[in-house]
Structures are given as structure tokens and as C-alpha cells.
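Here is a brisk report on one chain.

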Amino acid sequence: MNKDIATPIRTKEILKKHGFSFKKSLGQNFLIDTNVLRNIVDAAGLDETSGAIEIGPGIGALTEQLAKRVDQVVAFEIDQRLLPVLKDTLSPYDNVEVIHSDVLKADINEAITTHFKDGQDLMVVANLPYYVTTPILMKLLELKLPIRGIVVMIQAEVAERIAAKPGTKDYGSLSIAAQYYAEAEKVLTVPASVFVPQPRVDSAVLRLTIRETPAVDVIDEQYFFKVFHASFANRRKTILNNLIHNLASKEQKPKIEQALAEANIDPKRRGETLSIEEFGILSDTLYRILQ
Ligand code: SAM
């Protein structure tokens, strides 16, 4: 059998054979280190009964490692030029389905129903295109897919923001949005040298373990999202001022002060000091008083 796809030599051969040139605009940085790939697959805790959903298989480096480990892989690839490449590189594996689609437009639930068994253990595992990291992750979380979790290679800086705890410089609306749906942890930092071409930013592997129920039980989910987004709109402003300017209006100041008092939150605090639980209480209190 051929050597692994994710070696510098094999990758070079594949690119040459198919006359493939990288498109920077599609975030094409391919992994050329099988150890890193095995670590990613290990972090997903998959076995031969599991299913894996991949986003952006590229020339199949990660897809191959997943195919060796799990029952079935479904991979969404936007770049049509990669379809014949993948057909070639993944020909030894009969448990891979490549779907030619922009994952942001794809019907992922439909793909899950079509290609996986009912109740099968499912994980999303990917080396994400960095230009759309956040929209992809938020789509995966908001869809409330029947998956156990997500293990992704992303920019280290974004991984730190997603996994950040209250009171730290990285903690913000992205931390709360992700942690509302999942437990987040950075599992690995990765040097740029494991990619071709090398990205200009540091990378990290992030694991999101989907919660059985969201971190807080709120009256209105959309309103909760509005409240914490408003609270972080200007990081230097107090929670009171951010809520006045970004959620309500000056006339509603007394009501916002009342809500903060009822939620036991000092109006002079800044958004970055509030826990997700405090945002949950604040959101419900504001909802009752303002709506
Ligand atoms: N998985 C491969 C690896 O690890 O070597 C390639 C990863 S590369 C960082 C990102 C891949 O995502 C590329 O193959 C790119 O064409 C694909 N891609 C970019 N935008 C996409 C989108 N919106 N939907 C699906 N695939 C996308």
C-alpha cells in the first residue's frame, strides 16, 4: 500500500501529479505530519463504530487517518479541483463519501441521516479553512446536530478566545457563544511547519464537547445572545453603559439599573467579568423588565 498522504514527499507527488495549485482564498494549508493528524484523531475519541464528518478534506491527509479509524467518513469540500484528487488518493478506502459543497450552505442534517446509522457516535473532525473558522463553528453548534463533539485545527488565537474563562483577556462573546453549547478546551498547539504552505499564524487543536443541555436555561435564547453581544460591544465600557447603548436606549436606563440590581450585578462591572450563568440570569431579568 502507498505511504500516508500526509508526508512531505507524498503530498508533493500528489500535488505534482494533479497539477494542483493552492488557493489562498480558500484557506488551503494542507497537513504534512502524520503524528499531528493522529493526535487530532486521538483527541476525538473515535473507534471503529464511530462516524466522522470532515470539513475541507483537501487532498485527503486527515480523511485517510479518519477512514482507517472509523466506520464511515463524510467530507464536505468546496473546491471542485480537489474532487478528482480525492478520488485518486482515497481509492483504497471504501468508507469515505466526499460531498462537493460549501459547508456553510450544505444541509448537514440531511447528510447525517443519509450516510450514518441512527444513533451512531458522531464527531466533526477537521483542519478548518481559517478564513471562515467562526462561521463554520457557529453553524455546527447552532444546528444542534446529533454529534458528540467537534475537534478542529484552527488559529491558536481563536482557540484561546473560544476556550477562555471569565476575567481573562481572551474572554468575550465568542467564548460565551461556544461555551453555551459545548465544553471547550485547547488540546494541542501546533507549529506552522506541519503545513504546506505554512500559515502565518500559530495553530491549535480545539475540542468542543457538546453539552446535553445548554450551559444555562434561558427564557429566550436569541435575547440571551443579544444581551452578551451588547455587553461586549465596547470592552472599555461598563456593563450598564454597554447595555444602554447596544441593547436598549438612554430612556431605559432606570429599567436596566433595576435589572442589574435584581440580577445582583454591579452596574460598574465589565462584561468580561461576568460568568455565563450571570449572563443567563441577567438576560432573563432584562427580558422580564424590558420586553
Ligand atoms: N484537511 C486537509 C488537510 O488537513 O490537509 C485540508 C485542510 S485546508 C486548511 C482547508 C480545506 O477546506 C481546503 O481543502 C479548502 O478547499 C476547504 N474549504 C475552504 N472553504 C470551504 C467551505 N466553505 N466549505 C467546504 N470546504 C472548504
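This is a predicted model: local features need pLDDT of at least 70, side-chain atom pairs count only at pLDDT 80 or more; totals for chains, interfaces and linings use all residues.

Buried residues in H3 are Ala61, Leu62, Thr63, Glu64, Gln65, Leu66 and Ala67. Buried means under 20% relative accessible area, exposed over 50%, and partly exposed in between (1.4 Å probe, protein chains only).

Residues are numbered from 1 along each chain as its sequence is written, and side-chain values use heavy atoms, with hydrogens and water left out.

Seven of the nine residues of H3 are buried, which leaves the helix mostly covered. Those buried residues pack against E1 (30-31), H2, E2, E3 (72-77), E4 (96-100) and E5 (122-127). Contact here means heavy atoms within 4.5 Å.

H2 (residues 34-43) meets H3 (residues 61-69) with axes that come within 10 Å and cross at roughly 50°. Axes are lines fitted to C-alpha atoms, for helices over the stretch in contact, and angles run from 0 to 180 degrees between N-to-C directions. H2 and H3 are therefore oblique to each other. Angles under 35 degrees count as roughly parallel, over 145 as roughly antiparallel, 65 to 115 as roughly perpendicular and the rest as oblique. H2 contributes Thr34, Leu37, Arg38, Ile40, Val41 and Asp42 to the contact, and H3 contributes Ala61, Leu62, Gln65, Leu66 and Arg69.

Strand E2 (residues 51-55) holds glutamate 54. Is glutamate 54 buried or exposed? Glutamate 54 is buried, at a relative accessible area of 2%. Beyond residues up to four places away in sequence, glutamate 54 touches Leu62, Thr63, Leu66, Val74, Ala75, Phe76, Val125 and Ala126. Glutamate 54 and leucine 66 lie twelve residues apart in sequence, and their C-alpha atoms are 8.9 Å apart.

## Cores and rings

The largest nonpolar core has 69 residues, and Leu137, Ile162, Phe224, Phe279 and Leu282 touch the most other members. Such a core is a set of buried Ala, Val, Leu, Ile, Met, Phe, Trp, Tyr and Cys residues joined through side-chain atoms within 4.5 Å. A second, separate core of 37 residues includes Ala52, Val73, Met153 and Val190.

The whole structure contains 14 aromatic pairs. Rings of Phe, Tyr and Trp (its six-membered ring) pair if their centres lie within 6.5 Å; planes under 30 degrees apart count as stacked, over 60 as edge-to-face and the rest as tilted. Two of the pairs are tabulated.

| Pair | Centre distance | Plane angle | Class |
|---|---|---|---|
| Phe22 and Phe30 | 5.2 Å | 65° | edge-to-face |
| Phe228 and Phe279 | 6.4 Å | 65° | edge-to-face |

Phenylalanine 228 is in H9 (residues 221-231) and phenylalanine 279 in H12 (residues 276-290), so their pair ties together parts 51 residues apart in sequence. Both phenylalanine 228 and phenylalanine 279 are buried. Phenylalanine 22 is partly exposed, at 30% relative accessible area, whereas phenylalanine 30 is buried at 9%.

## Whole chain

The chain has twelve helices and nine strands. Of its 291 residues, 53% count as buried.

Methods:
Helices (H or I, at least four residues) and strands (E, at least two) are DSSP runs, numbered from the N terminus.
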